[in-house]
Each structure stands twice: as C-alpha cells, then as structure tokens.
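Thanks for making time. I'll keep this short and walk from one residue out to the fold around it.

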Amino acid sequence: HTATIPGDYLDDRGHMNVMWYTDLFSMAMGGMFQLVGLTPEHVQNHHGGSFALESHIRYLSEVRVGHSIQVHTRLLGRSSKRYHVLHAMINDHKHDVAATFEAVGAYIDMRTRRMAAFPPEITQPLDRLITEHPPLDWPTPVCGIMHP
C-alpha cells in the first residue's frame, strides 16, 4: 500500500496520529487478503472471513505531512486456522522504516462467528506467499510472543 500523508492525519503535536498508522496498515492487510482470495465475494459466497486476534505496533521514526510511505507485507507463517503477518511502513522521504505492525489473525466461519480451518482455496495462496517471500538479509523485527 502507498500513500502521501495529508494534513488531516496530524494530531495536536504535529505528527501523524496513531489511528492513521492503524488505518494504513489495515489497507495493506486488505491488499494481502485480495492476493490470497479473502475477498468480499469469498465472505459472501463461502461465509468465511478474517478477524484480528492480536497486534503489536512499533513506532520507529516520525511520519509528517507530505511524506510518502509504502507499506510492505510479509506473511510469516500460518496454522490451520491462524496466520502471522508483519507490515513495514517505509518513509520514502526519510528512507527509513517508520513503523512495523505485527499481527495474528484467524479465519472465521461468519455464520458461527468462530475460528475455522482455512479452506484449500485460501491455504494454497497463503502457502505460496510464505514460500515466495525470500529470506531477509536482516532479522525480522517480530516481538517474539505472537505465533499463528
């Protein structure tokens, strides 16, 4: 996901309010959902979706008005019902990592509102992404307490 930070994202201290970090990371998560088939059509046709279970945000460098950002997403792993993902917000203006968002989410049977096993049409693209993401040449900055 990419964006340029508008003035209405600022808080009273002149930097981007934390709710907008969450919004931008959520937009990136939506892009990942599209890649793996967790689309609105899937929810409607198969009654399956995703709920967030836990998340951890690290604010590393200030983002200001007019800065352009990119959010890169890495699927770290999955179990039969959960996935583990890391987003990194890159500030193009400062050429640094502004924030990271680590999350664990679950596949949900929307009829019962309970966790369910991922169907094959979702596990195949999830596994492909996990495999295709090349190893980083630096340690993945995970908090260490979340697991799929």
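**Starting at Phe33**

Phe33 counts as buried, because its relative accessibility is 17% and the cut-off for buried is under 20%. Keep in mind that this is a predicted model.

Where does Phe33 sit? It belongs to helix α1, residues 18-36. What does Phe33 touch, once neighbours within four places in sequence are set aside? Leu38, Thr39, Ser50 and Tyr83. For a sense of scale, take Arg64. Phe33 and Arg64 are 31 residues apart in sequence. In space, their C-alphas are 28 Å apart.

**The core**

Hold on to Tyr83, that contact of Phe33. Now the largest nonpolar core, with 31 residues. Which members touch the most other members? Tyr83 is one of them, together with Met16, Leu24, Met32, Val63, Ile69 and Met89. Several elements give two or more residues to this core: α1, β3 (68-78), β4 (82-91), β5 (96-109) and α3 (120-132). The most comes from α1, with 9 residues.

**The strands**

On to the pairing. Strand β1, residues 2-4, runs antiparallel to β3, and 3 bridges join them. Thr2 has Gln70 as its bridge partner in β3. Follow Gln70 across to β4, and its bridge partner there is Ile90. How many bridges link β3 and β4? The count is 9, and the sense is antiparallel.

A reminder for reading side chains here. In a regular strand, they alternate between the two faces of the sheet.

**Helix α3**

Last stop. α3 has 13 residues. From first C-alpha to last, α3 reaches 18 Å, close to the 18 Å expected at 1.5 Å a residue.

Which residues of α3 are buried? Ile122, Thr123, Pro125, Leu126 and Leu129. An α-helix has 3.6 residues a turn, so residues three or four places apart point the same way. What covers the buried residues of α3? The cover includes α1, α2 (40-46) and β3.

Technical notes: Residues are numbered from 1 along each chain as its sequence is written. This is a predicted model: local features need pLDDT of at least 70, side-chain atom pairs count only at pLDDT 80 or more; totals for chains, interfaces and linings use all residues. Side-chain values use heavy atoms; hydrogens and water are left out. Helices (H or I, at least four residues) and strands (E, at least two) are DSSP runs, numbered from the N terminus. Buried means under 20% relative accessible area, exposed over 50%, partly exposed in between (1.4 Å probe, protein chains only). Contact means heavy atoms within 4.5 Å. A nonpolar core is a set of buried Ala, Val, Leu, Ile, Met, Phe, Trp, Tyr and Cys residues joined through side-chain atoms within 4.5 Å. Two strands pair if DSSP finds at least two bridges between them. The expected span of a helix is 1.5 Å times one less than its number of residues.
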